[in-house]
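Dear colleague,

Please read them beside the model.

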Amino acid sequence: MTVPTERPEKPWQPTACILCECNCGIEVQLGGDDGRRLVRVRGDDAHPASRGYACEKPARLDFYQSGPQRLTRPLRRRPDGSFEEIDWDTAIREVAHRFAAVRDTWGGDTIFYYGGGGQGNHLPGAYGRATRAVLGSRYRSSALAQEKTGEFWVSDRMIGGFVRADFEHCEVALFVGKNPWHSHGIARARVTLKEIARDPSRCLIVIDPRVSETAELADIHLRPRPGTDAWLLAALVATIVQEGLIAGEWLAAHGAGADEVLPHLQAVPVAAYCARCGIDEGRVRETARRIARASSVASFEDLGVQMNRHSTLASYLHKLLILLTGNFGKPGTAYRPASLVPLFAGGDGGSGEGRRSPVTGSRIIGGLVACNLIPDEILTDHPKRFRAMLVESGNPAHSLADGPRMREALEALDLLVVIDVAMSETARLADYVLPVASQFEKAEATFFNFEFPHNCFHLRRALLSPPEGLFSEAELHARLVEALGAMPRDGVAALRAAWQAGRAQFRAKFFELAAAHPAMLPLGAVILFRAIGDLLPEGCAEAAALWGVCQTVAPRQRKSLARAGFAGPPPEAADALFDAMLDHPHGMVFAEDDWEECFRRIGTADGRFHLAIPELLPELDGLAIEPAHSADPEFPFVLSAGERRGYTANTIIRDPAWRKKDAAGALRMHPEDARRVGVGAGGRVRLTTRRGTALVPVELADTMMPGHVSLPNGLGVVHPGGPGGADMVGVAPNELSSGDDRDPFAGTPWHKHIPARIEAA
Ligand SMILES: Nc1nc2c(c(=O)[nH]1)N[C@H]1C(S)=C(S)[C@@H](COP(=O)(O)OP(=O)(O)OC[C@H]3O[C@@H](n4cnc5c(=O)[nH]c(N)nc54)[C@H](O)[C@@H]3O)O[C@H]1N2
Ligand SMILES: Nc1nc2c(c(=O)[nH]1)N[C@H]1C(S)=C(S)[C@@H](COP(=O)(O)OP(=O)(O)OC[C@H]3O[C@@H](n4cnc5c(=O)[nH]c(N)nc54)[C@H](O)[C@@H]3O)O[C@H]1N2
Ligand code: SF4
Ligand SMILES: [Mo]
């Protein structure tokens, strides 16, 4: 007889969810036949930012970690388009050689870099910088340049950097084109939303044509006609100005340029603009007054306006709303967090006249080329066109506007190399596909560190070793730099020895080498990885680059670090910070601020808010004569392509079985519209835009405004062996979007406002 023995519970290991920028701390239990599956997942109470919170999605993270989409060997494309497996030595040698040939023939500035990190992994970008430096690659972009660059441009001009807001303590919370119930974006979103909704002294305001899950909780829900937010925001700001509700004294102390902008707002015909966006004027005025009289307002704008008509103007009006009412720099309002790395490095520094892209001359904002213009930077005979591309942790063939033209551009390159964990749509077009360890098989972290006053950082350790033959981006870039003949082997050896002698010796050696060889600095990450990666605690090798981050942040954020316990002269604080990162697998507080600090972080030349952005004032005035909606009888519907739902996560998870609900990714439409089109629930329609057409099942949703339809994001991805043998489920939204529909300032796409036609199928 065998006595049933109680097996000890599998250990819970700390890591983070990688499915949105919140990166909630989670704990996982590994299991399954090979012990490599993420079998149980729970929110991590010890995580300082998420404090045990997690939504429904990470419970099914194993669909990312395990499955047939994982790449295991480097692939090389044959002339007939099929792929063959090659060994790593061949892959590294050929990729290095072919990039070097492009550099030597056409110049390194024709080698374009895309990606560098997704929602959960920013270390590849740090290591990729080394390869780019050796190749002389100067231009880059990422998904941020199809959503946040308009807001960043505005924010940089007005405040000298980006801001976030304190929803936990605000009296009024405002969400403009944002549905945090599903998309999150703020810590512990659902808990925070429910707290605000429950408290009669607080007020939740949502601006969204759809009755989103967040709007359902709202005290005030303003439903503009799709694409008319600029009129609504202008009416809100104008009401505040015209009714004398601006924070005059506060602005006198901190602002500049009011004289220039206020006359434009005085001139706004509030009643007419309310009519344009289809909202009762009284409600708009009441909302403006509620915002103006609040002791604190926290607000967040997102894709509903940032991927829509007038997006940069809408960002400007939104920032004016915040600043004219004095909602910055006190609890419950906007703040400038302490950053570990400047996430939007290479901004215009307030001048508005930064670099331009080589072919189209479009604005480079935050160092990023506008995504919608990438095909135009390739599909031309311009001598400085992009000829080669390195894509890392991004899937532009699926995620950027006008999929067919993006694919044409990627195929026109002399060389496309993709670094990914899975066979993405972009990888399918590559000359070489280089597979890497998953985010649970290496150390990872993000620089989405936006909390305030206690700002958190989480270095996650590897939970698992990578499958045989795979390694991290850090190792991959180190090998590429070596193959390009640029790794300073003696320097690496000297550093390694110095580390073993002590921290002070290591630092002295690093700066001695950097002073003697300034060209070494951009290679710092791979040099550090080679020198100390394997000397760091187990599962932390890829953290090596963070040593460099700590050296630069310590002098920059001295007081904030000291308040968080990293005191002393910057070199010592940097060492202590690096050690703390390695020692806190559940995450840690790296910076502690007081609210006054925000004012010292205003990055404009004179340290004041600049209320006027002269380039945008004509667009603001122009609203008066512009029709609020273009009624093309051929395309009577407005399609929002890419809604965040319960089980969507960009293209990070490819297996459609992941989704517990909305398996097919239905088109949501109002029942009246469905009746007119002649389709019932579950029926299928043909959805046609100027760019493409798709068959899609319909979900009847009286949460939609008539005339407005919505498709989810993250569908239409190729997955081997999907349900019923189908290898793709749902519609890829960018088969329907056009690259030309974009903002004139930032080049951001209008994905939430695509003219469409719908017929019963
Ligand atoms: N579940 C889930 N969460 C995610 C992601 C995910 O893939 N899945 N992705 C993450 C990423 S990368 C991002 S950038 C964020 C995006 O987060 P959000 O911007 O919140 O996501 P969306 O659902 O794309 O759009 C938000 C809202 O805009 C509304 N909208 C559409 N048209 C208009 C309009 O004309 N005016 C206004 N005011 N609103 C309009 C839609 O109805 C929708 O409710 O989500 C993050 N979180
Ligand atoms: N029409 C329309 N288009 C949209 C949107 C929309 O709302 N509508 N939303 C847009 C937004 S806001 C965003 S942020 C983008 C997102 O689009 P992308 O930035 O392209 O991001 P993902 O689709 O998440 O692709 C991430 C890739 O990284 C890979 N990956 C995962 N882990 C690792 C790793 O550890 N290392 C490496 N090297 N690779 C890894 C994944 O397999 C995947 O191929 O989509 C945009 N596209
Ligand atoms: S909010 Fe949900 S999807 Fe976003 S990081 Fe947290 S658990 Fe993951
Ligand atoms: Mo995004």
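Where is the place of S339? S339 sits in the loop between β14 (334-335) and β15 (364-365), where strands are DSSP runs (E, at least two residues) and helices are such runs of H or I with at least four, numbered from the N terminus.

This is a predicted model, in which local features need pLDDT of at least 70 and side-chain atom pairs count only at pLDDT 80 or more, while totals for chains, interfaces and linings use all residues. Residues are numbered from 1 along each chain as its sequence is written, chains are lettered from A and ligands numbered from 1 in the order in which they are written, and side-chain values use heavy atoms, with hydrogens and water left out.

S339 counts as buried because its relative accessibility is 18% (buried means under 20%, exposed over 50%, partly exposed in between, with a 1.4 Å probe and protein chains only). The side chains of S339 and R556 are joined by a polar contact of 3.5 Å (a pair of N or O atoms within 3.5 Å; within protein, one must be able to donate a hydrogen and the other to accept it, and residues adjacent in sequence count only if both atoms are side-chain atoms).

Turning to the ligand, 32 residues surround ligand 1, and the closest are S183, D208, D229, T648 and K752 (a residue is near if one of its heavy atoms lies within 4 Å). Ligand 1 lies between domain 3 (163-335) and domain 4 (637-760), because both give residues to its shell; the bounds come from an automatic or database domain assignment. An oxygen atom of ligand 1 is 2.9 Å from a polar backbone atom of N179.

With regards
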